[in-house]
Amino acid sequence: VHFCESRSPAESESPRYLPTLAECLYFAERFQDAQVIFEQLAIDHPDRLRYMGRLGTLAARRGDRATAIRIMEELQSLDRPHLFGENTDWCARIWARLGDREEAIRLLREASSRGAGVAHSNLDLYPDVDLEPLYGYPPYEELRRPKG
């Protein structure tokens, strides 16, 4: 976090550091600064779903439901190979931030069945701030419980 707090978006001279800087700002809850960078990254790299997904979670955090839903519609309309449910996983995160736990769980299950999401990550080591609204919710806890 020291790296995040010691630099502003304008101080980053190399674009290769922008994704890391944007994520640091996001996790440091400097959402306006993160927004500016994620907007540029989404323009520069339209194939990277993470940037569009982050813009969706940022909209949800601001209470901008219309923008969050528009971004989810864009994510769900993607038709290209090798998504492996990543677009659906981002929609689940956005719904979680909007407060619709049932839809978030439905989409997390769908994303997981395609190879993405909560079942394929180690949330105990790396808590997911976008899924925090689901913490303690029995269907979510069941979903993250190890299987097999």
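I take a helix to be a DSSP run of H or I with at least four residues, and helices are numbered from the N terminus. With that settled, I looked up glutamate 39 and placed it in helix H3. I keep in mind throughout that this is a predicted model.

**Entry: the chain overall**

I began with the secondary structure of the protein chain and found 8 helices and 0 strands. Read along the sequence, the pattern is accordingly written α-α-α-α-α-α-α-α. I then turned to burial, and 41% of the 148 residues of the protein chain count as buried. The accessible surface of the chain comes to about 8,500 Å², and carbon and sulfur atoms account for 51% of that surface. For the contacts, I considered pairs of residues at least 6 apart in sequence, of which 51% join residues at least 24 apart.

I returned to glutamate 39, which counts as partly exposed because its relative accessibility is 38%, a value that lies between the cut-offs of 20% and 50%. Its side chain makes a polar contact of 2.7 Å with the side chain of glutamine 35, and glutamine 35 also lies in helix H3. I noted as well that glutamate 39 and tyrosine 51, although 12 residues apart along the chain, have C-alpha atoms separated by 7.5 Å.

Is glutamine 35 buried or exposed? At 14% relative accessibility glutamine 35 counts as buried, since the limit for that class is under 20%. Besides the contact with glutamate 39, the side chain of glutamine 35 makes a polar contact of 2.9 Å with the side chain of arginine 62. Setting aside residues up to four places away in sequence, I found that glutamine 35 touches Leu55, Leu58 and Arg62.

I then checked glutamine 32, which is found in helix H3 too, and its relative accessibility of 71% makes it exposed.

**Entry: the packing of H4 and H6**

I next looked up how helix H4, residues 49-62, packs with helix H6, residues 86-98, and read an angle of about 10° with the axes 8 Å apart. H4 and H6 are therefore roughly parallel to each other, because an angle under 35 degrees is counted in that way. Which residues of H4 meet H6? On the H4 side I listed Leu49, Arg50, Gly53, Arg54, Gly56, Thr57, Ala60 and Arg61, and they meet Glu86, Asn87, Trp90, Arg93, Ile94, Arg97 and Leu98 of H6. Sorted by class, this contact has 5 nonpolar, 4 polar and 6 charged residues.

I also followed aspartate 89, which is found in helix H6 and counts as buried, its relative accessibility being 7%. The side chain of aspartate 89 and that of arginine 93 are joined by a polar contact of 2.8 Å, and Arg93 is one of the H6 residues that meet H4.

**Entry: the loop between H5 and H6**

Between helix H5, residues 65-77, and H6 there is a loop in which I located phenylalanine 84, and glycine 85 has its place in the loop between H5 and H6 as well. Phenylalanine 84 has a positive phi of about 50° although it is not a glycine. I marked it for a reason that holds in general, because most residues other than glycine have a negative phi.

How is glycine 85 classed, buried or exposed? At 2% relative accessibility glycine 85 counts as buried. Leaving aside neighbours within four places in sequence, I found glycine 85 in contact with Ala111, Arg114 and Ala116. From C-alpha to C-alpha, glycine 85 and glutamate 110 are 7.3 Å apart in space, and they are 25 residues apart in sequence.

**Entry: the loop between H2 and H3**

What is the phi of glutamate 29? I read a positive value of about 60°, although glutamate 29 is not a glycine. Glutamate 29 is found in the loop between helix H2, residues 18-27, and helix H3, residues 31-44. With a relative accessibility of 59%, glutamate 29 counts as exposed, since the limit for that class is over 50%.

Conventions
Residues are numbered from 1 along each chain as its sequence is written. This is a predicted model: local features need pLDDT of at least 70, side-chain atom pairs count only at pLDDT 80 or more; totals for chains, interfaces and linings use all residues. Side-chain values use heavy atoms; hydrogens and water are left out. Helices (H or I, at least four residues) and strands (E, at least two) are DSSP runs, numbered from the N terminus. Buried means under 20% relative accessible area, exposed over 50%, partly exposed in between (1.4 Å probe, protein chains only). Contact means heavy atoms within 4.5 Å. Accessible areas come from the Shrake-Rupley method with a 1.4 Å probe; for residues, only the protein chains shown count as cover. Axes are lines fitted to C-alpha atoms, for helices over the stretch in contact, and angles run from 0 to 180 degrees between N-to-C directions. Angles under 35 degrees count as roughly parallel, over 145 as roughly antiparallel, 65 to 115 as roughly perpendicular and the rest as oblique. Ala, Val, Leu, Ile, Met, Phe, Trp, Tyr, Cys and Pro count as nonpolar, Asp, Glu, Lys and Arg as charged, and the others, Gly among them, as polar. A polar contact is a pair of N or O atoms within 3.5 Å; within protein, one must be able to donate a hydrogen and the other to accept it, and residues adjacent in sequence count only if both atoms are side-chain atoms.
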